[in-house]
Amino acid sequence: MGWASFNEDNESRYHNATIIRKREHDAMKPESSNGAQAPSKPLTKLKSFAVPQARPLPVIVLADVSGSMAENGKIDALNVALRDMVASFAKEGRLRAEIQVGLITFGGKTAKEHLPLVAAHSIAIIDRFTADGGTPMGAAFDVARELLEDRERIPSRAYRPVLVLVSDGAPTDDWEDALARLQSSERGKKVTRFAMAIGADADKDMLANFANDREAPVFEAHESRDIMRFFRAVTMSVVARSASATPDEPAALTLSEIPDDDLDIGAL
């Protein structure tokens with residue numbers, strides 16, 4: 001076979017092979033409705049996905065702002081402690097749990113939401129408490145119960161809320177029935193409740209009825225720095241929960257782990 005015949009034979013085989021490959025390629029393309037070959041599509045495509053949304057972890061403080069809290073710098077210490085707690089919460093990451101804060105004050109003749117329940121990182125400033133009047137603690141329990149049972153403000157996907165009660169005296173209203181309503185309500189049974197007694201006049205037995213953490217009896221504040229240490233312990237407990245793989249499990253509240261510092265607003 002000469003060189004020309006060899007080339008012709010190769011070109012013929014190459015031409016036939018090209019036709020065969022084109023037919024095989026076209027056969028793999030899907031047809032459109034009119035019988036024409038539809039444009040080829042990627043064999044795979046990325047599936048869209050949603051970023052997991054952090055679940056709310058509510059922290060609700062019930063703060064005594066009765067007239068006696070104006071004595072010995074107690075209301076000032078409480079204002080500073082709450083401000084620092086919220087600031088610490090605001091710095092925490094929100095991958096798993098978003099810490100939310102609500103403040104209920106009781107003083108004079110009624111209780112009210114001093115700060116509606118909102119994400120800590122969205123709180124720019126907290127109005128300072130002022131102390132005046134009696135100690136309508138029962139009214140505060142009712143406000144707290146209504147908030148807990150509000151499914152729009154605390155959705156079912158929220159983690160177990162934390163209630164923190166702070167008082168320096170005895171209730172001046174019908175607190176027993178109100179506390180019973182709170183403790184027997186559907187969600188009131190499940191919340192974690194801490195209590196702090198400020199000064200010698202605080203009703204420790206009543207506060208013990210409120211608290212439900214066996215590892216955390218009623219904490220007592222004998223000077224201003226004790227209020228700070230208590231709220232720092234609450235902060236550490238909540239932060240530990242928010243970073244945990246199981247945020248619904250209560251975290252220990254231990255004041256012994258909180259070091260003393262130079263903050264001392266005065267003796268109570």
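Visitor: Which residues of the largest nonpolar core touch the most other members?

Guide: Leu-78, Phe-89, Val-164, Met-196, Phe-230 and Phe-231, out of 43 residues in that core. This is a predicted model, in which local features need pLDDT of at least 70 and side-chain atom pairs count only at pLDDT 80 or more, while totals for chains, interfaces and linings use all residues. Residues are numbered from 1 along each chain as its sequence is written, and side-chain values use heavy atoms, with hydrogens and water left out.

Visitor: What makes a set of residues a nonpolar core?

Guide: The members must be buried Ala, Val, Leu, Ile, Met, Phe, Trp, Tyr or Cys residues, joined through side-chain atoms within 4.5 Å. Buried means under 20% relative accessible area, exposed means over 50%, and partly exposed lies in between (1.4 Å probe, protein chains only).

Visitor: Which residues does Met-196 touch?

Guide: Leaving out residues up to four places away in sequence, its contacts include Leu-165, Leu-207, Phe-219, Phe-230 and Phe-231. Contact means heavy atoms within 4.5 Å.

Visitor: Why is strand 5 called largely enclosed?

Guide: Seven of its seven residues are buried, so strand 5 is largely enclosed by the rest of the structure. Thr-192, Phe-194, Met-196 and Ile-198 are buried on one side, and Arg-193, Ala-195 and Ala-197 on the other.

Visitor: How do you know that strands 4 and 5 pair?

Guide: Pairing requires at least two bridges found by DSSP. Strand 4 and strand 5 run parallel and are joined by six bridges, so they meet the definition. Among the partners, Leu-163 is bridged to Arg-193 in strand 5. The chain goes from strand 4 through helix 4 to strand 5 in a right-handed β-α-β crossover.

Visitor: What makes a crossover right-handed?

Guide: With the strands pointing away from the viewer, the path from the first strand over the helix to the second runs clockwise.

Visitor: How many bridges join strand 5 to strand 6?

Guide: Three, and these strands run parallel. Ile-198 stands opposite Ala-221 in strand 6. Here the chain passes through helix 5, and this β-α-β crossover is right-handed.

Visitor: What makes helix 3 mostly covered?

Guide: Nine of its 12 residues are buried, including Phe-141, Val-143 and Leu-147.

Methods. Helix = DSSP H or I, 4+ residues; strand = E, 2+ residues; numbered from the N terminus.
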